[in-house]
Amino acid sequence: MFDFDYQLKILPEKSGVYIMKNNLGEVIYVGKAKVLKNRVRQYFQKSKNHPPKVRAMVKNIAEFEFIVTDSEMEALILECNLIKKYRPKYNILLKDDKQYPYIKVTVQERFPRVIKTRKYVRDGSRYFGPYTDLTSLYEMLDLIRRNYPLRTCNRKIEGKLTKPCLNYPIGLCRAPCANEISEEDYGVIVKDVILLLNGNNKNIINELKEKMQNASDSLNFERAAEIRDKIKSIEKASEKQNIINNSLKDEDFISIYSNDVDSGVFVLMYRQGKVIGNNHYIFENTKGIEQGEILRDFVLEYYNNSSFIPKDIYIDAIKDIDLVEEYLENKKNAKVTIKIPQKGSKRESLNLSRINAKLTLEQFKLKLLKDKEEHKKALVNIAGMLDLDQVPFRIESYDISNIMGVDSVGSMVVFENGKPKNQDYRRFKIKTVTGANDYESMKEILLRRFKRGIEETKAAKENLTSLGYGKFSYFPDLIMMDGGKIQVNAALEVLSSLNINIPVCGMVKDDMHNTRGLIYNNKEINLNKNSKEMKLIERVQDEVHRFAISYHRSLRDKNMIKSVLDDIPFIGKKRKKELLKKFKSIDKIRYAEYDELINCPSIDNRAAESISQYFKKEGRKDESKN
């Protein structure tokens, strides 16, 4: 057992990070402290003075750990990294239901591309965004595509000339793959695109006007008209960002609005004095937590994940302002100033942000209440149809996927309160069953799942945490099998053998492979196709099927690659990786010419000859069978 009295006594009077865990070993809170001894002990004294969220957290603390640092700044950085790693339940996290896209310029490539992405990866590219308005993003991409002829393909351009694609003759690409443009001239176009994405349109437009005038003076009216249209496109895009601030600086305005339960945070982003976008986030259960503390945690996580940190940040309130400034300066490698304006134009911009924060919170609450109400009604109706003792909070669903019994896999998805809980999804590779035997395969994954759950529950009671975070120890209130009686009986057999009592139903489909209802206690229950409960059941079934198929596909692809390329002499792990990176598929490698193979990195004459000879022999074998 964890000895709280002793552990609190030995806490050092130094700065550091403390990590709170529950009885399953899960990290539920990470905090930093200037003096660990003082800060951690506060949680276990005078609980009535704590906010409700802190009181709820303290009740769930089974143990804590701490890490001493040399300074409060080091503690802050470590806290950010640990929160990002563990995503603890009681920390303030960015609760956003969308992953906003970026525009990515692959400046690390010889001939960069401009693409849309939802993943921000530190790969050397320049990222612009995130864009909360998809229309603006697509309009910007269309503007770039029509006026800046950059390549959109993912060819690796390494000096060998190739035939340009159809984008070249219609003027949408300058064909660097065919050496139709130099690297330097291509770089000039990329530079203009980056200026455009940064909001620096004035210089671009002035240069274009000068070029248009020169073309007109040279009586090249067709070229002058093209440049004129280009200017109009850029100016039109700029009109959407026409809210002008008093300065031409890069600034963010961050405001918070809190009601009795939750808080909304809104960010207005100014670049070169123009509003280029906004972001909004919701934090649930913030009652009793100071707004300055919420905004401090928000700023740290927001800019830790952001592609750009402005020089000036204006904010309603914030704790540890000097420390946060220092953290952002270290990340940006430049001066960053955080200010709390009391009057003037900056305060007005902040008030505008705060109005939006309030509206965002109100809209979110309305949507949240509506979704919760619909999910609750669906779950109540399902409980009524199945004559359950309680409305199911946690639903688990299982599916098997294979092709002719090869690479059989199982999937488990989890829904809580009618919403998918992705972090609890699990995949199983079938180990004990050969061939296409869905009944035995389903029994295997269910037995593994629930035996692991029993073991974790036992370990938690004995205060052992070596089995990890104990995700399997949470049992469902209802199991929905993807299928009919066979799948339901497999689940019931496993549960009976383990003395576990959980209701099990099957999600049955019609001849058109559409869900038609449930099967429970050997009786089929048909549902209204447009009912709330049918829509929830379809979501569960689609999700478990998708999850199983995606896992099976990944295993199948890996096995196919292994079975072919690993049999070719002189093709090791590195060469296999480079071949797949260049040709994308086994078929393209199979039919590649010798000259194409030799141009792949690390493929020498011997390896290229080996690949060619291997597939020639394979071809003769296939022909001999016909």
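**Exercise 1.** Which exposed residues does the face of helix 13 turned away from its buried side carry?

*Solution.* Before we start, note that this is a predicted model, where local features need pLDDT of at least 70, side-chain atom pairs count only at pLDDT 80 or more, and totals for chains, interfaces and linings use all residues. Residues are numbered from 1 along each chain as its sequence is written, and side-chain values use heavy atoms, leaving out hydrogens and water.

Step 1: locate the helix. Helices (H or I, at least four residues) and strands (E, at least two) are DSSP runs, numbered from the N terminus. Helix 13 covers residues 485-497. Its 13 residues reach 18 Å from first C-alpha to last, close to the 18 Å expected at 1.5 Å a residue; the expected span is 1.5 Å times one less than the number of residues.

Step 2: find the buried side. Buried means under 20% relative accessible area, exposed over 50%, and partly exposed in between (1.4 Å probe, protein chains only). Gln487, Val488, Ala490, Ala491, Val494 and Leu495 are buried in helix 13. Viewed down the axis of helix 13, these buried residues fall within an arc of 160°, so they line one face of the helix. The arc is taken over the directions from the helix axis to the C-beta atoms.

Step 3: turn to the other face. There we find the exposed residues Ile486 and Ser496.

**Exercise 2.** Work out the order of the open sheet and which strands stand at its edges.

*Solution.* Step 1: pair the strands. Two strands pair if DSSP finds at least two bridges between them. Strand 1 (residues 16-21) and strand 2 run antiparallel and are joined by six bridges.

Step 1: inspect the connection. Strands 1 and 2 form a hairpin with five residues between them, and Gly25 in the turn has a positive phi of about 85°.

Step 2: write the order. The three strands are arranged 2-1-3, with antiparallel pairing. Strand 2 and strand 3 (63-68) are at the edges, each with a single partner strand, so one side of each has no neighbour in the sheet.

**Exercise 3.** Is Ser531 buried or exposed, and where is Ser531 found?

*Solution.* Ser531 is in the loop between strand 19 (523-526) and helix 14 (532-565).

Step 1: check its accessibility. With a relative accessible area of 12%, Ser531 is buried.
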